[in-house]
Amino acid sequence: MRRPLLIVLVACALAGIIQGLLWAFLAPGMPYKVLADGRYAGLPTTSSYHFVGLALFCWLGIVAGALVAVGAWRFRAARGWPMLLVVAGGSAASAVIAWGLGLLVAPGTDPASV
């Protein structure tokens, strides 16, 4: 009974890693302009970039969650409240892993360093 729960938990962690990497490289970067006095600001034509990045993260999370749920359902012997808790907790941990990893590996230049 414990083995299927552990497999689903590992699958959640792997889904979070894959989601974070995909999000980091698919989300659009925000272009900035550096002003003469050293301040920087986003270009006015890129106001939707924040929304696109967040929407992409959500859609990748929905796909990862659906795949984990379908995979967890295939373990007939482990169905029930323990599997529900593992899927819910593992999915929450997966989202945190994806968010942290995506921010860590996302390519780009800090506008303050330009």
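**Reading burial and a pocket**

Reader: What is the relative accessible area of A93, and is A93 buried, exposed or partly exposed?

Author: A93 is partly exposed, because its relative accessible area is 37%. The classes are buried (under 20% relative accessible area), exposed (over 50%) and partly exposed (in between), with a 1.4 Å probe and protein chains only. This is a predicted model in which local features need pLDDT of at least 70, side-chain atom pairs count only at pLDDT 80 or more, and totals for chains, interfaces and linings use all residues. Residues are numbered from 1 along each chain as its sequence is written, and side-chain values use heavy atoms, with hydrogens and water left out.

Reader: Where does A93 sit, and how far is its C-alpha atom from that of W23?

Author: A93 belongs to helix α3, residues 81-105. Helices are DSSP runs (H or I, at least four residues), numbered from the N terminus. Along the chain, 70 residues separate A93 from W23, and their C-alpha atoms are 16 Å apart.

Reader: Which class do A24 and F25 fall into, buried or exposed?

Author: Helix α1 holds A24 and also F25. A24 is buried because its relative accessible area is 7%; F25 is exposed because its value is 54%.

Reader: What about A72, buried or exposed?

Author: A72, in helix α2, is buried, since its relative accessible area is 4%. Between the C-alpha atoms of A72 and V86 there are 9.3 Å, for a spacing of 14 residues along the chain.

Reader: How is a pocket found, and what is the volume of the second largest pocket?

Author: Rolling a probe the size of a water molecule over the atoms shows where empty space is left. A pocket is an open set of points, on a 1 Å grid over the protein atoms alone, where a 1.4 Å probe fits, with protein on both sides within 12 Å along at least five of seven lines.

Reader: Which residues line the second largest pocket?

Author: Lining residues have an atom within 4 Å of a point. Here they are A15, I18, Q19, L22, L60, V63, A64, L67 and V68. Two elements, α1 and α2 (49-73), each give two or more residues to this lining. The largest share, five residues, comes from α2.

Reader: How many residues of that lining are nonpolar, polar or charged?

Author: Eight are nonpolar, one is polar and none is charged. Nonpolar covers Ala, Val, Leu, Ile, Met, Phe, Trp, Tyr, Cys and Pro; charged covers Asp, Glu, Lys and Arg; the others, Gly among them, count as polar.
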